[in-house]
Amino acid sequence: MTKLDILVIAAHPDDAELGCSGTILSQVEKGNKVGIVDLTQGEMGTRGTPELRLQEADEAAKILKLSIRENLKFKDIYFSNDEEHQLRLIEVIRKYRPEIVLANAVSDRHPDHGKGSDLASIACFMSGLRKIETTVDGKNQEAWRPKHVYHYIQNNHINPDFIVDITPYWEDKVKSIKAFKSQFFDPTNQEPASFISDPEFLPFIESRAREFGHRIMTTYGEGFTIERHIGVKDLFDLK
């Protein structure tokens, strides 16, 4: 079974690509094992089908060189932060035992993003409670709590607690986003227009990345928020 260094939890296929794929690419290049778990198939989206979204997610996974990608097939829009969904996500966290979890934005335009954020945070904590029993393939799982949970920033403006320089990985980030061909602007697509299929949406993603990059004196960046302060032993750890 693959042990991950970083697990990305995303409400929909393409959330991770839009929010933190540059960071994923940078960590994979460092030799870390990174995986994505999509909570839903995005089946309530205006464009595409669940089957097509899964194919697109597989293509993006190849570009990002992920160690694993799974889809839990929770009901898009209708999933809840309740015991059933918490236990299912705890099983996944204990299965892959990540040191770090990257989760959806704490609040955003799409309600599933905030729900997914809360669900991931609570499941990460609950996963460390040994009296919560879960099994996979008939075997009891050991408790596991990731050391850190960080939240990538999505549509809404949120002031980041830290920014990752993704300048060397920008082109591959864009490729991973465009793997979801059904979702973004395509003049030949006859499906109804959506919020993210607007021709100005991807330029907005670039402008956000340039804004974050500008704040750390580089070209492109991805912003994250943290749930608790990070402890350091030396001021020089704060780079």
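Is glutamate 17 buried or exposed, and what is its relative accessible area? Glutamate 17 is buried, with a relative accessible area of 0%. Buried here means under 20% relative accessible area, exposed means over 50%, and partly exposed lies in between, with a 1.4 Å probe and protein chains only.

The structure is a predicted model, in which local features need pLDDT of at least 70 and side-chain atom pairs count only at pLDDT 80 or more, while totals for chains, interfaces and linings use all residues. Residues are numbered from 1 along each chain as its sequence is written, and side-chain values use heavy atoms, with hydrogens and water left out.

## Overall form

The protein chain has six helices and nine strands. Its radius of gyration is 17 Å, close to the 18 Å that the globule rule gives for 239 residues, so the chain is as compact as a globular protein of that length. The radius is taken over C-alpha atoms, and the globule rule is 2.2 Å times the number of residues to the power 0.38. Helices (H or I, at least four residues) and strands (E, at least two) are DSSP runs, numbered from the N terminus.

The C-alpha trace spans about 55 × 45 × 30 Å along its principal axes. Of the 239 residues, 49% count as buried. The accessible surface of the chain comes to about 12,500 Å², and 52% of this belongs to carbon and sulfur atoms. Accessible areas come from the Shrake-Rupley method with a 1.4 Å probe; for residues, only the protein chains shown count as cover. Among contacts with a separation of 6 or more, 82% are between residues 24 or more positions apart. Contact means heavy atoms within 4.5 Å.

Glutamate 17 lies in helix H1 (residues 15-29). Its side chain reaches the backbone nitrogen of aspartate 14 at 3.4 Å. A polar contact is a pair of N or O atoms within 3.5 Å; within protein, one must be able to donate a hydrogen and the other to accept it, and residues adjacent in sequence count only if both atoms are side-chain atoms. Leaving aside neighbours within four places in sequence, glutamate 17 is in contact with Ile36, Ala60, Leu64, Arg69, Lys173, Ser176, Ile177 and Phe180.

Serine 197 is placed in the loop between helix H5 (170-178) and helix H6 (201-215). This serine is buried, at 4% relative accessible area. The side chain of serine 197 reaches the backbone nitrogen of serine 194 at 2.7 Å. Beyond neighbours within four places in sequence, the contacts of serine 197 are Arg47, Gln183, Phe184 and Phe185.

## Salt bridges

Side chains of opposite charge can pair when their charged atoms come close. A salt bridge is a side-chain nitrogen of Lys or Arg within 4 Å of a carboxyl oxygen of Asp or Glu. By this rule the count comes to 13 salt bridges. The table lists some of them.

| Pair | N to O distance |
|---|---|
| Arginine 88 and glutamate 91 | 3.3 Å |
| Aspartate 112 and lysine 115 | 3.3 Å |
| Lysine 173 and glutamate 222 | 2.7 Å |

Lysine 173 and glutamate 222 are both buried. Salt bridges that share partners also join Lys3, Glu99 and Lys147 into one network.

Arginine 88 and glutamate 91 are three residues apart in helix H3, so about one helical turn separates them. Arginine 88 is partly exposed at 31% relative accessible area, and glutamate 91 is partly exposed at 21%. Aspartate 112 and lysine 115 both lie in helix H4 (residues 111-126), three residues or about one turn apart. Aspartate 112 is buried, with 0% relative accessible area, whereas lysine 115 is partly exposed at 23%.

## Surface positions

Met44, Ile77 and Tyr78 form a nonpolar patch on the surface, with about 320 Å² of accessible area together. Patches are made of residues with over 30% relative accessible area and no salt bridge: like charges are joined within 9 Å, nonpolar side chains (Val, Leu, Ile, Met, Phe, Trp, Tyr) within 5 Å. Isoleucine 77 lies in the loop between strand S3 (68-74) and helix H3 (83-96), and is partly exposed at 34% relative accessibility.
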